[in-house]
Amino acid sequence: MALLFVLVLLAVANIARAFSAKGIDYVGRFREVDGRQRAEWPGAGVRLTYSSVGSSKANTLNVTFSDCGSCNYFVSVYQNCEQKEKFNIRSGQFGFQYSLPATDRLHNELSIVKVTETNQGDASGYMEIVDLDLSNAHVSPVFQPMCTTGKKLLFIGDSYTCAYGVDDTDPCGFSASTEDVTHSYAYDLGRTFHADVHTIAWSGKGVVRNYADPNQMSDTPMPAYYNRTLATISVNDDNTNYWDPKRYVPDVITVLLGTNDYSTHPEPSDEQFTTGLINFANQLHKDYPTAKRLLACSPALTALQCNNVANAADATDSAYVQIPPSVFTGGYGCSGHPSVLTQQYMAEAIQPVMEELLQ
């Protein structure tokens, strides 16, 4: 009896330092910095499988993040594939406590996801978990996915993929609190196909020209960021920040870019844009030779730009989807961006082609 009591104590004590124990699965791009795992891209997070210990089904989650100075970002807690709560991590508030709802399941999946992007408006900073405690629980030494079945998706995009302003209703201005990448079309598709999702997205970025650039071509459009582990560090300045494509091999890569290229003047020429997208699609094929590629045209674009995306898709043997402007019947978030419902309609527009590519 005494031995059993000691074993229970050890199980509970083990979870008190769960973040350093086996069983933690990293989702998205992480890089070790000073002995800790750091992430900047939206959608990066950690997940684990746990079971409650003892008669109490109540589990209190305590998470501490590193002091990232003047950072301001949000993380969401997901339990058994459902979003439960969102927390603001900012200067002077580098942690949270949350009582997880009791469940009748023997095993539960817990995820903590960075839902805001790298640097946009008042949203900024990296996520770095220092400690993760979960009371009255035992973490499985091997993560056992409950929400995914092995398929892997990669999405590369701009504010539409970041879900900029999705959690408010127009008219409103952007703030970190209004953004949640897990409310984007990308994660809607991930949930539909029970697939892992990686998002490489940054508001304002384009194929060859970023938003409001005074030139037809930008020095650092999205293809310049795509191969970075941490979004803010150039591979040219630090080659150790290069993301090894072998670390995550997607079944399908979706690129939804182009809105910013054409949103202001001067627009790139047809040749500049199409060549840029062809080069990017070819780079994706080089990095991920087994992945199928899908080039999508934003519902905010005109026929001219969609023709250029379609031509690039045809030239690179990529699938093509034109997301119709009618998706905006779902409403607008901040600054004319898609609402939660519009994001769902965007996912529905892509879903048939995605389903075919995943077969």
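Reply: Residues 24 or more positions apart account for 74% of the contacts in the protein with a separation of 6 or more, where a contact means heavy atoms within 4.5 Å. This is a predicted model, in which local features need pLDDT of at least 70 and side-chain atom pairs count only at pLDDT 80 or more, while totals for chains, interfaces and linings use all residues. Residues are numbered from 1 along each chain as its sequence is written, and side-chain values use heavy atoms, with hydrogens and water left out.

The mean pLDDT (the predictor's confidence in each residue, from 0 to 100) is 93, and 94% of the residues reach 70 or more. Over residues 1–18, however, pLDDT stays under 50.

The protein contains seven helices and 18 strands; these are DSSP runs numbered from the N terminus, with helices (H or I) of at least four residues and strands (E) of at least two. Of the 359 residues, 56% are buried, that is, under 20% relative accessible area, whereas exposed means over 50% and partly exposed lies in between (1.4 Å probe, protein chains only).

The buried residues are Tyr185, Ala186, Tyr187, Asp188, Leu189 and Gly190. Their cover includes strand 14 (152–157) and strand 15 (196–201), together with strand 16 (252–256). Two helices also contribute to this cover, namely helix 2 (159–162) and helix 7 (340–357).

The segments on either side of helix 3 deserve attention as well. In the loop between helix 2 and helix 3 lies Pro171, and the peptide bond from Asp170 to Pro171 is cis, with omega near 5°. Just after helix 3, His194 takes a positive phi of about 50°. In general, most residues other than glycine have a negative phi, and most peptide bonds are trans.

Ala212 is found in the loop between strand 15 and strand 16. Although Ala212 is not a glycine, its phi is positive, at about 65°.
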